[in-house]
Amino acid sequence: MTSRRFGLTPRLAACAIAGLELAAANRAFAQAADLVFVNGKVFTADARSSLAEGFAVRGDRFIAVGPSAAMQEHVGPGSRVIDLHGRFVTPGLADGHLHNEGGGPGVDLSSARSLSDLLDAVGRAAKDTTPGKPIISNNDWHEAQLREQRLPTASELDLVAPMNPVVLVRGGHEYILNSVALRLWNITKFTPAPAGGEIGKSTDGELNGELVDNARSLVTLPSAPPVGIDNVLATQRKLNAYGITSARIPGSYRGDFFQALDAMLEARKRGTLTLRLNVYLPGIGVRDLERMRAILARSPLKQDEGDEWVRVGGVKLLVDGGFEGGHMTKPFVGELGKGGTYYGITVVPAEPYTEIVKMLNAGGWRVTTHAVGDAALDEVIDAYTAANAEHSIRGRRWAIEHLFVSRPDQIERLKKLDVALSVQDHLYLAAPSLKKYLGSERASQITPVKTYLDQGFLVVGGTDSPVVPFNPFWEFYHFLTRDTIADGVYGENERVASRVDLLRMITINYAQLTGESNIKGSIEPGKLADFAVLSGDLLTLGEREIPRTKALATYVAGKEVYRDASFQ
Ligand SMILES: [Zn+2]
């Protein structure tokens with residue numbers, strides 16, 4: 001059902017009432033709504049970012065937006081009218097880069113706030129685990145959340161779990177092993193690091209237990225439990241509770257990727273999805289054309305196939321590491337910097353990467369690439385430029401993920417390629433670690449969102465959950481203030497002054513990146529009725545209050561999918 005079906009949209013009519021006659025005619029045309037919301041402060045994210053008092057929903061679509069009085073025209077015998085009492089409403093929020101919601105079947109370290117909390121959790125798991133059996137952690141934690149702001153060492157893990165191999169999985173780039181695990185997988189201080197990986201050593205040359213990026217391939221973890229519909233439903237339940245109605249899944253979810261995609265499609269078929277998913281096929285770490293072709297062939301959906309619930313957006317590639325492995329043109333500092341000789345990790349070198357990018361471009365695929373350091377960004381820009389010379393990528397919604405560190409000369413080249421920038425709030429969580437690795441000046445300029453917006457890029461917000469918790473209000477707060485959880489403000493000059501811009505990054509900009517701005521991303525007649533009523537007005541709320549914002553109610557396709565107990 002769209003507004004185009006009836007001659008006058010109520011909003012136009014409301015603006016253009018010339019006399020009672022026209023108003024009466026309009027009433028005759030107006031469609032009765034299922035839901036009519038009035039007396040709110042509705043951020044529409046339309047072209048002018050206008051605010052409205054109310055809107056009407058019929059079926060899965062908005063049919064009208066405007067002043068409360070004008071919404072009365074859509075009240076029929078079967079309509080439910082909801083008084084928002086001034087509450088703030090936003091189009092359904094989107095996470096532009098989310099793997100999963102965190103958690104999992106492993107040891108939960110997400111609430112550890114000190115090394116002893118972390119070691120206690122591992123120790124408890126060890127007591128419950130038969131000697132010799134591996135203990136694995138979930139990956140949704142970071143040492144920056146710990147008072148000591150460092151990782152545990154192999155020998156510290158030995159103290160609490162001397163009889164079991166322990167593998168702490170941290171984010172998407174690092175494992176920390178205890179001595180039993182190092183022995184189990186025959187890793188010694190003489191083991192060479194695989195290409196694109198690092199085996200961590202302390203200053204005395206002994207193993208500290210850390211395996212970074214491709215060095216993780218030295219370890220074989222027990223295969224993850226199969227991913228099923230339950231996982232997909234658990235993810236959407238948690239995200240809906242924060243007003244999130246759309247997420248872009250960049251090449252990995254949890255467990256086997258295609259099993260996960262099948263589960264998403266099965267949930268879609270059963271009509272149980274309440275989160276719209278834009279999924280990128282997994283080219284992460286792929287170094288050869290054959291393997292890339294095999295991955296493309298295995299996908300049940302080609303690019304842009306699917307529907308507004310599950311769609312394949314393109315292919316996700318990766319060239320460098322994460323927090324401690326971003327590939328930089330200037331060396332890391334401190335212990336990790338190894339006396340100014342460590343520049344991060346090239347996970348996929350320029351030559352194979354460029355060949356893969358060109359091959360995907362020739363096949364009409366849309367590419368997005370993980371690039372954390374500025375040297376990695378050079379690699380991506382060079383490859384995209386080479387591909388662009390063969391067949392233009394402009395206007396085809398290619399993108400780059402993360403862009404922690406970039407240089408002014410790169411901005412110019414990026415603009416020529418017309419790529420979208422997908423940014424997340426890693427700095428909010430990991431600031432002290434990033435300062436330790438990169439020095440305060442470089443750390444203070446990480447993920448310069450204001451610069452990216454000022455340069456006119458399509459900038460899309462996200463969290464990289466479970467690397468950073470998926471709370472969209474933390475992200476909004478961080479980009480607005482540049483404040484961090486544990487270490488104060490980093491780079492005041494990169495504060496984004498416009499809250500409207502920040503909201504657009506997680507609503508309409510997202511829809512533009514996924515090519516769906518004609519059907520969602522704003523509250524406008526004819527679009528899918530995805531929206532959230534929030535506990536606070538993000539446009540005026542005191543900065544300190546923003547991280548505590550909650551969703552009071554979340555609607556997807558005109559149906560309530562979450563309601564907070566405190567709402568009505
Ligand atoms: Zn990621």
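**The zinc site and the ring contacts**

Modeller: The donor residues of the zinc ion follow the sequence spacing H-x1-H-x364-D. The model is predicted, and the distances below are computed from it. The residues behind that pattern are His97, His99 and Asp464. His97 and His99 each donate through NE2, while Asp464 donates through OD, and these protein donors lie 2.1 to 2.2 Å from the zinc ion. His99 and Asp464 link distant parts of the chain, 365 residues apart. His99 belongs to the loop between β8 (93–95) and α4 (115–127), and Asp464 to the loop between β20 (459–462) and α16 (472–481). His99 has a relative accessible area of 10% and Asp464 one of 6%. Both therefore count as buried, the cut-off being under 20%.

Turning to the rings, there are 15 aromatic pairs in the structure. One of them is Phe323 with Phe404, at 6.2 Å centre to centre and with 40 degrees between the planes. Phe323 is buried at 6% relative accessible area, and Phe404 is buried at 3%.

A further tilted pair is Phe332 with Tyr342, at 4.9 Å centre to centre and 50 degrees between the planes. Phe332 and Tyr342 are 10 residues apart, each placed in the loop between β16 and α10. Phe332 is buried, with 2% relative accessibility, and Tyr342 is buried with 5%.

Rings also group beyond pairs: Phe37, Phe55, Phe62, Phe531 and Tyr555 make up one aromatic cluster.

Two arginines lie over rings. Arg248 is placed over the face of Tyr280, 4.4 Å from the ring centre. Arg276 has its charged end over the ring of Trp309, at 4.2 Å from the centre of that ring.

To return to the part you asked about, the zinc ion has His97, His99 and Asp464 as its protein donors. Water is not among the atoms, so the site may look incomplete.

Note on methods. Residues are numbered from 1 along each chain as its sequence is written. This is a predicted model: local features need pLDDT of at least 70, side-chain atom pairs count only at pLDDT 80 or more; totals for chains, interfaces and linings use all residues. Side-chain values use heavy atoms; hydrogens and water are left out. Rings of Phe, Tyr and Trp (its six-membered ring) pair if their centres lie within 6.5 Å; planes under 30 degrees apart count as stacked, over 60 as edge-to-face and the rest as tilted. Buried means under 20% relative accessible area, exposed over 50%, partly exposed in between (1.4 Å probe, protein chains only). Helices (H or I, at least four residues) and strands (E, at least two) are DSSP runs, numbered from the N terminus. A charge sits over a ring if NZ of Lys or CZ of Arg is within 6 Å of the ring centre and within 35 degrees of the ring normal. Donors are N, O and S atoms within 2.8 Å of the metal (3.2 Å for Na, K and Ca); water is not among the atoms, so sites may look incomplete.
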